[in-house]
Every structure is written in structure tokens, then in C-alpha cells.
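Work through these exercises with the model open in your viewer. Try each task before you read its solution.

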Amino acid sequence: MHTFEFIRPADAAAAIGTAAQARTAQQGADVRFLGGGTTLLDLMKLNVETPSRVLDINRFPFDKIDDTSDGGLTIGATVRNSDLANHARVLRDYAVLSQAILSGASGQIRNMATTAGNLVQRTRCVYFRDTAMPCNKREPGSGCPAITGANRTLAILGTSDKCIATNPSDMCVAMAALEAVIHVQGPKGTRTVPFGDFHLLPGDTPERETVLEPGDLITQVTLPPPIARSKQVYLKLRDRASYEFALASAAAVMTVDGGKVSYIRIAMGGVGSKPWRMPEAEAALAGKPANAASFQQAAEAALRDAKPQSENQFKIELAKRCLVHTLQTAVNA
Ligand SMILES: Cc1cc2nc3c(=O)[nH]c(=O)nc-3n(C[C@H](O)[C@H](O)[C@H](O)COP(=O)(O)OP(=O)(O)OC[C@H]3O[C@@H](n4cnc5c(N)ncnc54)[C@H](O)[C@@H]3O)c2cc1C
Ligand code: SF4
């Protein structure tokens with residue numbers, strides 16, 4: 001049985017110092033921070049994650065949501081998903097984020113899950129979670145059985161011949177559309193990472209999922225000031241209505257002036273190897289009439305580079321319809 005040391009560091013600096021001793025902050029890390037534990041402890045029970053030290057960060061002062069001086073919002077790393085989704089300013093100014101979080105997992109899990117933990121949650125690819133099977137993400141060089149195996153739920157954008165896993169997060173899709181910024185404190189000081197740069201494509205190193213280095217602790221996420229008069233919608237399509245991950249989802253933040261799209265940010269989930277921002281669809285929509293024809297053109301542009309696997313060709317059409325319906329719902333909101 002895997003054994004580990006459970007540590008409650010005195011403060012963030014002590015936690016960072018200990019975590020900096022790890023060989024990597026990615027798959028195989030022998031030191032892990034513990035948020036709500038809803039991903040980490042599951043994977044430890046499956047022996048997919050086998051850290052020798054687990055550092056509880058829940059007592060650090062990262063559990064607040066505050067206004068920023070420019071009118072944006074700062075969200076502490078240990079803010080629970082439930083508290084974030086139900087926060088008055090999130091409901092009023094960043095509704096897409098609230099909708100996305102509430103579409104995920106269950107009430108009990110959202111009560112435990114933290115903002116940072118959600119950002120770093122792992123794929124649900126069945127081979128990744130089964131140590132009896134090869135998996136390049138879990139064991140680099142061992143192979144990717146999903147490419148010829150069970151890949152119905154996996155990615156059609158941003159894949160490589162080493163890994164076709166989907167990023168499972170709903171929250172991250174909304175944060176991508178809201179252009180959030182992730183704040184990291186590490187052994188070399190603090191830095192900020194634009195949301196789109198935080199998750200990595202699998203390429204030849206699928207075991208490396210984010211830009212985090214040993215010792216890097218996510219301290220908060222900031223949202224820019226809200227877009228005035230924006231309509232915000234998150235739509236999630238899945239096999240059953242609750243407690244299920246997205247087959248395709250879309251987040252849209254849009255303003256319409258004089259019948260034309262004047263501001264648009266789009267991201268999709270369930271289809272990409274990372275939370276998938278859609279610049280092609282945004283470019284196709286900017287300045288165009290906010291109608292079904294424009295939305296269809298945007299959806300075509302968004303999925304143009306999709307590469308389906310043996311079992312998930314259906315995701316291309318599903319994702320297009322998901323995006324069109326999301327945009328239509330936003331216009332009518
Ligand atoms: C049954 C089930 C159904 C689910 N359904 C959905 C769903 O539909 N949609 C969805 O989006 N999610 C879903 N989830 C996933 C859930 O959202 C995540 O498990 C949760 O967000 C992870 O947060 P946590 O705080 O529990 O993370 P933890 O398990 O504590 O940590 C996860 C990872 O983040 C790292 N970490 C934690 N905090 C920090 C930090 N401050 N800095 C750096 N690294 C950190 C940990 O070391 C670990 O590697 C589901 C989970 C379960 C168990
Ligand atoms: S898709 Fe990625 S996570 Fe799944 S088996 Fe292949 S390498 Fe592993």
C-alpha cells in the first residue's frame with residue numbers, strides 16, 4: 001500500500017519551500033498541495049498519484065473573494081467552487097462562471113473543490129486512471145491505448161499522437177472566455193500567467209499539463225473588469241443531466257449593438273486537450289449580424305481543425321450545435 005506523510009505547513013512560504021524539493025510539479029510529483037482533495041485523493045487511492053508528501057494548504061489566507069481596484073475580481077486559491085458560483089458579484093457580473101461551475105460534479109463535491117484544484121484537475125480518460133493499462137500521460141513512453149480504444153469522450157482539438165485526452169473542467173472554460181489571470185507564488189517569487197498560457201498541449205510530453213514548476217503555488221485568480229451589458233451563457237452537453245463530464249460545452253460572453261456583435265469571447269470544453277478558446281470563431285463573428293447564419297459560420301470556423309478519433313466523430317457536429325445554441329441563447333438572454 002502507498003504511504004505518505006500528511007503535512008500542515010505553517011504558511012505559504014514553508015509549503016513552497018517543501019514543494020520546491022520535488023523533482024517535478026507534473027505527473028509523478030512526489031510532493032503535492034492538497035486543496036479539497038476531490039481529484040488528488042481519488043487518484044492516490046487508484047495509485048495514479050503516489051506523492052510521498054501531501055501539503056495541506058487549506059489554512060492559508062487564500063479563501064477570500066474581493067473586488068480589485070480596477071473593478072475586477074480576485075478569487076483566492078482555496079475558495080470553494082460553491083462559494084464562487086454563488087457569490088453576488090459572480091452572479092451579477094460573471095454569470096458564465098457561475099453557470100459553468102454549477103453544471104459540474106455535485107453539490108457535495110463543489111462544497112469541497114477549490115479554485116486552484118479545479119484548475120489543475122486531471123483528465124478522466126479511463127486508461128489514465130487504470131494502472132493496469134499503459135498511458136503516456138501517467139507513464140511516459142508506455143503508449144496511448146485510447147487512440148485505438150475507448151475514445152468516445154476524448155478530444156478532437158489539440159491532440160497529439162502521444163495523447164488525445166480531454167481537459168475535464170467546466171470552470172476553466174468560463175475562465176478562458178473571461179480572460180482570467182492566474183497568480184503563482186514560487187521559489188523564485190510571484191508571477192502571473194494569462195489563462196490561455198496556463199495549460200499545455202500534450203505534444204510529446206502529455207505528462208506535463210501546466211506551466212507549474214516544483215514549488216509553484218497558485219494563490220489566486222483574477223478576473224478583469226466585467227464587460228458592460230454583456231450576455232453570458234454556459235451550455236454543457238453530456239450523456240446524463242447531472243454528475244457527468246461534458247461531451248461538448250461552450251462559454252460565450254457577448255455584446256450586441258445595433259443588431260451586430262460588438263464584443264465576443266468564446267471557449268469550449270469537452271472537445272480540447274485543454275480548455276479551448278476559439279479565436280477563429282470570435283474573428284468570424286466580430287462586427288457581424290447577431291443571427292443564426294453568423295453563428296453557424298462561427299461554429300464552422302471553430303471546428304475547422306477538429307481531428308476526430310475512431311469513436312468521436314459525432315463530437316464535431318455536437319460541438320457546432322452546442323456553440324450555435326449557446327450564441328442564440330445569449331442573444332435572447
Ligand atoms: C465524481 C466526480 C464528478 C466530477 N464532475 C465534474 C464535472 O462535471 N465538471 C468538472 O469541471 N469537474 C468535475 N469534477 C472534478 C472536480 O471539479 C475537481 O475534482 C475539483 O475541482 C478539484 O478541486 P480540489 O480542490 O478538490 O483539488 P485537489 O484534489 O485538492 O487537487 C487537485 C490538484 O490540484 C493541485 N493543487 C491544489 N491546490 C493547488 C494550488 N493552490 N496550487 C497548485 N496546485 C494545487 C493538487 O496538488 C492536485 O494536483 C468531478 C469530480 C468527481 C470526483
Ligand atoms: S489519451 Fe492520454 S491519458 Fe488517455 S491513455 Fe492516451 S496518453 Fe493516457
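The exercises below cover the ligands, pockets and cavities of this structure.

This is a predicted model, in which local features need pLDDT of at least 70, side-chain atom pairs count only at pLDDT 80 or more, and totals for chains, interfaces and linings use all residues. Residues are numbered from 1 along each chain as its sequence is written, chains are lettered from A and ligands numbered from 1 in the order in which they are written, and side-chain values use heavy atoms, with hydrogens and water left out.

**Exercise 1. Find the site of ligand 1.**

Solution. 
- Step 1: Go to the largest pocket; ligand 1 sits there. A pocket is an open set of points on a 1 Å grid over the protein atoms alone, with protein on both sides within 12 Å along at least five of seven lines. To sit in one, a molecule needs more than half of its atoms within 2 Å of its grid points.
- Step 2: Read the volume, about 990 Å³. A volume is the space filled by probe spheres set on the points, which are joined across faces, edges and corners.
- Step 3: Check the lining (residues with an atom within 4 Å of a point). There are 49 such residues, and Thr38, Thr39, Gly117, Asn118 and Gln121 lie nearest the centre.
- Step 4: Assign the lining to elements. β2 gives the largest share, 4 residues. Helices α5 (95-102) and α6 (107-112) are among those that supply at least two. Elements are DSSP runs numbered from the N terminus: helices are H or I with at least four residues, strands are E with at least two.

**Exercise 2. List the neighbours and polar contacts of ligand 1.**

Solution. 
- Step 1: Collect the residues with a heavy atom within 4 Å of the ligand. Ligand 1 has 33 around it; Phe33, Thr38, Thr39, Leu40 and Thr114 come nearest.
- Step 2: Look for polar contacts (pairs of N or O atoms within 3.5 Å). A polar backbone atom of Phe33 is 2.6 Å from a ligand oxygen. An N or O atom in the Thr38 side chain also lies 2.6 Å from an oxygen of ligand 1. For a polar backbone atom of Glu244, the distance to a ligand oxygen is 3.3 Å.
- Step 3: Judge the cover. Ligand 1 has 980 Å² of accessible area on its own, and the protein covers 94% of that. Accessible areas come from the Shrake-Rupley method with a 1.4 Å probe.
- Step 4: Name the elements. β2 (31-34), α2 (40-45), α7 (115-119) and β8 (217-223) each give two or more residues to the shell.
- Step 5: Sort the shell by class: 15 nonpolar, 12 polar and 6 charged. Ala, Val, Leu, Ile, Met, Phe, Trp, Tyr, Cys and Pro count as nonpolar, Asp, Glu, Lys and Arg as charged, and the others, Gly among them, as polar.

**Exercise 3. Which cavity holds ligand 2?**

Solution. 
- Step 1: Count the cavities (grid points where a 1.4 Å probe fits but cannot get out). There are 3 of 30 Å³ or more.
- Step 2: Ligand 2 sits in the second largest cavity, whose volume is about 80 Å³.
- Step 3: Name the neighbours. Of 13 residues around ligand 2, Cys125, Cys135, Cys144, Cys163 and Ile164 come nearest.
- Step 4: Sort that shell: 10 nonpolar, 1 polar and 2 charged.

**Exercise 4. Describe the largest cavity.**

Solution. 
- Step 1: The volume is about 190 Å³.
- Step 2: The lining has 21 residues, with Lys137, Asn167, Leu200, Glu209 and Ser273 nearest the centre.
- Step 3: By class, these divide into 9 nonpolar, 7 polar and 5 charged.

Methods:
Polar contact = N/O pair within 3.5 Å; in protein donor to acceptor, adjacent residues only side chain to side chain.
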